[in-house]
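Dear colleague,

I am handing over the structure we spoke about, and below it I set out what was found. Please read the notes with the coordinates open beside them.

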Amino acid sequence: MRSEAASLPGSPERPNEDWVAAALPASGSGGTVVLLDGVTPPAGDDGCVHTVPWFTARLGGALTELSGSRRDMTLSEILSLAIRRTADAHRDTCDLSHVRTPQATVVLARWDEASVEHLVLSDSVLLLESPDGAVRAVLDDRLDRVPDEVRRSLAATDRLRNREGGFFTAAADPAVARRAVTGTSPRAQVRALAALTDGASRWVELFGEGDWADCFGVLRAEGPAGLLRRVRALEAADERAGGAHRWKLHDDATAVYAELSGR
């Protein structure tokens with residue numbers, strides 16, 4: 001496996017709330033990729049004494065360890081256990097029932113000689129490239145289905161957060177793992193993969209600079225850092241033009257690219 005990752009904070013005045021990891025077992029026969037995008041809470045009480053980076057580091061660390069060591073568990077089971085472990089780490093100090101308790105989007109991918117498993121929860125993106133160069137995007141589009149006018153209201157958004165008919169993130173309830181988009185592909189059908197937080201996927205989803213195959217081509221040619229440079233340049237140009245395309249100027253942006261080996 002060859003992998004590259006890059007991450008940029010949305011603002012130098014705020015910590016980066018994303019998390020990314022790629023792991024190759026000592027046997028060299030498989031691998032795993034983990035990507036999280038921490039959900040920035042609005043100003044005010046979220047019932048927790050910890051920061052979002054604390055949460056994503058705890059959850060990301062648990063996901064990386066479990067996805068690399070517990071081949072007997074499905075990715076959904078791994079996400080459920082990782083959420084439980086993270087919740088247990090601050091259950092005694094924080095109100096985990098609060099709707100804005102620290103939470104994150106999740107992308108997991110794991111492969112061996114036979115198959116490639118995937119899991120996506122909320123609005124980060126997983127891209128799978130086949131040997132013929134075709135690119136498939138694995139998306140959880142439930143947040144995208146929420147109308148913009150609802151998402152502009154914190155109260156209205158909170159009523160849909162981790163609720164039936166709304167959208168789901170990894171927070172404190174292990175049962176949310178059953179809501180993730182999951183699947184398995186034959187190993188021979190996946191040549192490479194990539195994962196993007198929504199700050200990186202803006203290149204496609206917000207600015208329309210190309211489709212997912214074009215985005216994958218940028219990742220292969222320029223690496224994750226090259227894609228993030230392109231996103232920041234587009235955001236700067238958008239700001240000069242009056243910011244018609246953006247909800248906010250910059251977001252934490254993270255991308256990871258992995259070429260699978262061993263076929």
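Which residues does arginine 202 touch, not counting residues up to four places away in sequence? Before I come to that, please keep in mind that this is a predicted model, and that what follows was computed from it.

With those sequence neighbours set aside, arginine 202 touches Phe207, Gly208, Val231, Glu235, Lys248, Leu249, His250 and Asp251. Its place is in helix H5, which covers residues 202-205, and arginine 202 has a relative accessible area of 8%, so it counts as buried, the limit for that class being under 20%.

Glutamate 222, by contrast, is partly exposed, with a relative accessible area of 34%. This glutamate lies in helix H6, which runs over residues 212-240, and, leaving aside its neighbours within four places in sequence, glutamate 222 is in contact with Arg229 and Arg230. For a sense of where glutamate 222 sits relative to another part of the chain, its C-alpha atom is separated by 22 Å from that of valine 107, the two residues being 115 apart along the chain.

The helix pair that I looked at is H1, residues 52-69, and H2, residues 75-90, whose axes come within 9 Å and cross at roughly 140°. The crossing in which H1 passes H2 is right-handed. On the H1 side the contact is made by Trp54, Phe55, Arg58, Leu59, Ala62, Leu63, Glu65, Leu66 and Ser67, and these meet Ile78, Leu79, Leu81, Ala82, Ile83, Arg85, Thr86, Ala89 and His90 in H2. The residues of this contact divide into 12 nonpolar, 3 polar and 3 charged.

Lastly, the cysteines. A search of the whole structure finds 0 disulfides. For cysteine 94, the nearest cysteine sulfur is that of cysteine 48, at 3.4 Å, and cysteine 94 is in no disulfide; the cut-off for such a pair of sulfur atoms is within 2.5 Å. Cysteine 94 is buried, with a relative accessible area of 10%, and cysteine 215 is likewise buried, with a relative accessible area of 0%.

Technical notes
Residues numbered from 1 in each chain as written. Predicted model: local features only at pLDDT ≥ 70, side-chain atom pairs only at ≥ 80, totals over all residues. Heavy atoms only, no water. Buried < 20%, exposed > 50% of the residue type's maximum accessible area, 1.4 Å probe, protein only. Axes fitted to C-alpha atoms, helices over the stretch in contact; angles between N-to-C directions. Helix = DSSP H or I, 4+ residues; strand = E, 2+ residues; numbered from the N terminus. Left-handed = near helix turned anticlockwise from the far one by under 90°. Contact = heavy atoms within 4.5 Å. Nonpolar A, V, L, I, M, F, W, Y, C, P; charged D, E, K, R; others polar.
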